[in-house]
Amino acid sequence: MSSNHIKILFLSIFTLLLAIEAGAHEAGAPFSGAFPEPIMLHHAHIEDEQRINLAGLDNFRTGEKEVAAFSSSLELAVTWLDDFSFGSEIFIPFSNTGASNDQFGLGDIEIQPIKYAFLNNPETVVTGVFSLTFPTGDESRGLGGEQTTLGGNLFLDQAYRNWYLGINTEYAASVSGPTFSEFEMAATIAYSFIRETGEGVAPAIPNQPLVLTLMLEWASESVLTGAESGENVITLLPGFQLWHPESNWQVRMGIGFPISSHKENDLAGHLQVGNHFDWGQFFK
């Protein structure tokens, strides 16, 4: 696939996402408008969602080389219950390792068949997630691993008026292929410039032309067992989200950089666009 084909593909998907009517929260969702969608972390609240994630990586480590690389993923999520307490999600990654022959292809696909919010209030959501990652990427081309991996995750969304705190904990281990296990701890703090909050919950759909959310994300990923055992990559990512309620689109941008001695790349520029169209209605 040539670079021009890649650009055309993502431009088409980007245009499609903007054309679908959906807001920061889908119709009927009871959540605070101060719940953002972090760039690096997962959010705890469960909704129907489509999102494209794009990232340019500076000095990506591949073998003994450091190259410029590009990664992307498509996220599709569905909520199965009217109270937004149970859902599923799939992550389909595509990446370019930056090799001289411009290798670009499918990575390891992750499926989260069970996402259950056992605490599901407008300003507090706690969700448990069971995940499966399959070795669909070609490891020889740097596009994936050789393991099938099981994971257990716990996510928190906590809002207070215009403020937001998000916390992720994730544990994953291989059940086939080379031995591998890792633990990740991550957090987000954010502030949304939403009017009309007053002393209560930020409105799910604010009555204003534009909502700006400033976000700061931190993530620590530690490899417990396997070929890279002992590595700990810590990343800091400042970013922002723009939401135009009237036209119903969101865009997120940020710059991630490692603050640990172990690192997979230097700076990473992120661009995301998504919506909450209820496509799951066709399967319910």
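The structure holds one cavity of 30 Å³ or more. A cavity here is a set of points on a 1 Å grid over the protein atoms alone where a 1.4 Å probe fits but cannot get out. The model is a predicted one, in which local features need pLDDT of at least 70 and side-chain atom pairs count only at pLDDT 80 or more, while totals for chains, interfaces and linings use all residues. Residues are numbered from 1 along each chain as its sequence is written, and side-chain values use heavy atoms, without hydrogens and water.

The largest cavity has a volume of about 80 Å³, the volume being the space filled by probe spheres set on the points, which are joined across faces, edges and corners. Its lining, made of residues with an atom within 4 Å of a point, consists of Leu41, His42, His43, Glu49, Arg51, Glu75, Glu89, Gln112, Lys115 and Phe155. By class, five of the lining residues are charged, three polar and two nonpolar.

On the surface, Ile114, Tyr116, Phe118, Leu119, Phe130, Leu150, Leu154 and Val175 form a nonpolar patch with about 700 Å² of accessible area together. Two or more patch residues come from each of β5 (109-120) and β7 (148-160), and β5 gives the most, with four. Patch residues have over 30% relative accessible area and no salt bridge, with nonpolar side chains joined within 5 Å; a salt bridge is a Lys or Arg side-chain nitrogen within 4 Å of an Asp or Glu carboxyl oxygen. Areas come from the Shrake-Rupley method with a 1.4 Å probe. Val175 is found in strand β8 (residues 163-176) and is exposed (over 50% relative accessible area), at 53%.

Note on methods
Patches are made of residues with over 30% relative accessible area and no salt bridge: like charges are joined within 9 Å, nonpolar side chains (Val, Leu, Ile, Met, Phe, Trp, Tyr) within 5 Å. Buried means under 20% relative accessible area, exposed over 50%, partly exposed in between (1.4 Å probe, protein chains only). On a 1 Å grid over the protein atoms alone, a cavity is a set of points where a 1.4 Å probe fits but cannot get out, and a pocket is an open set with protein on both sides within 12 Å along at least five of seven lines; lining residues have an atom within 4 Å of a point. Ala, Val, Leu, Ile, Met, Phe, Trp, Tyr, Cys and Pro count as nonpolar, Asp, Glu, Lys and Arg as charged, and the others, Gly among them, as polar.
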